[in-house]
Every structure is written in C-alpha cells, then in structure tokens.
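Work through the exercises below with the model open. Each task is followed by its solution.

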Amino acid sequence: MKIKIIFTIFVIYFLSSCAYKPLYKRTNLYYPHKVKIVIKSKEKYENNASTMKLLLDEKLNSKGSKDSNLKLVVSIERVVSGMGINKDLSSDALMVVIDARYILLDKRGELTSGRLRNTGSFNYTNNNYANIISLEDTSKKLVRSLSTDIADLILALSTKRKISP
C-alpha cells in the first residue's frame, strides 16, 4: 500500500516537473483605453490602409479596453521609384518608400504626433505579374513594420499632461 502511494506521488511529481519552459513569454501590452483608428491614403484601392488599420487595432485595442475619445489618425503615402539605370536606360530594381504621419488626439487636443518612413526594394523583371506581386509583398512588409513601430511608440507614450479619455 505504501509503495503505491509513493509510486503515485513520484509519478505526479515527475509529470508536473517538465524541464521544458519557454525562454520568452509573449506579453500582450495593451492600451487601457479603446483607440479609434483612422487611416488615410491618397490611392483609392490601397490594401496598405486596411492592413495597417487591422494591425494597429490588434496591437492597441483589446477586449478589456474601455471606451474613450482617443483617436489615432495615420496618413500613408507610397512612392515607387527606380533605383538604378543600366546602359540601355532600363531600371533593374525598384525602391518602395512608405511615409506614415500619425497623430494621437484626446478630448483636449494633440497628445503626440510624428512621422515614420520605411524603404524596401525588389528586382524588376519582364514579368508584369511578378512585378505586381513583388510590389504588394514589399508594401505589406513595410506597412507591418511601420504599424508595429507606431503602436510601440504609442504604448510607450509619456505625456506632460494627463490624458483625458
């Protein structure tokens, strides 16, 4: 009888003391107030605007956020230009620059504002479909990086005045 009890305690202790522990824990920092996000873009059918809004909303607003009058306005502008010219006057690579201007507002006015710029490039080929896919992929990666940077700047915000949500 004692052997069964000791064996049971040993098995429970062995199973509960697994050596695997994750090295990094994923912590979800969230803003305590719900932020209304507005994305502006000059181009009509821009996937970058909806992608940035989705990523910022995912990072800043959580289920536990309280309703507030905080508003984040982000303006996106994308510029595509050739990087180099060959002897036959053709470009072999394109550079994509995405410029994002943001402003965070509350009831009393501006809390913070700024401008972020990110660049990327891709090889330009004779295949038009491959060029379109490369342009969209590069733009999506740049927007993902910019939205992470903007969200981190807002989460680390320290203002001189009290935020009035």
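Patches are built from residues with over 30% relative accessible area and no salt bridge; like charges are joined within 9 Å, nonpolar side chains (Val, Leu, Ile, Met, Phe, Trp, Tyr) within 5 Å. The model is predicted: local features need pLDDT of at least 70, side-chain atom pairs pLDDT 80 or more, while totals for chains, interfaces and linings use all residues. Residues are numbered from 1 along each chain, and side-chain values use heavy atoms, without hydrogens and water.

**Exercise 1.** Find which residues make the nonpolar surface patch of about 370 Å².

Step 1. Met1, Ile5 and Ile9 make this patch. Areas are Shrake-Rupley values with a 1.4 Å probe. A salt bridge puts a Lys or Arg side-chain nitrogen within 4 Å of an Asp or Glu carboxyl oxygen.

Step 2. Isoleucine 5 lies in helix H1 (residues 2-16). Helices are DSSP runs (H or I, at least four residues), strands likewise (E, at least two).

Step 3. Isoleucine 5 has 46% relative accessibility, so it counts as partly exposed. Buried is under 20%, exposed over 50%, partly exposed in between.

**Exercise 2.** Determine how the buried residues of H2 are arranged around its axis.

Step 1. List them: Asn48, Ala49, Thr51, Met52, Leu55, Leu56 and Leu60.

Step 2. Down the axis of H2, they fall within an arc of 165°, so they line one face. The arc uses directions from the helix axis to the C-beta atoms.

Step 3. Turn to the face away from the buried side: Asn47, Leu54 and Glu58 are exposed there.

**Exercise 3.** Is asparagine 48 buried or exposed?

Step 1. Asparagine 48 sits in helix H2.

Step 2. Its relative accessible area is 3%, so asparagine 48 is buried.

Terms used:
Buried < 20%, exposed > 50% of the residue type's maximum accessible area, 1.4 Å probe, protein only.
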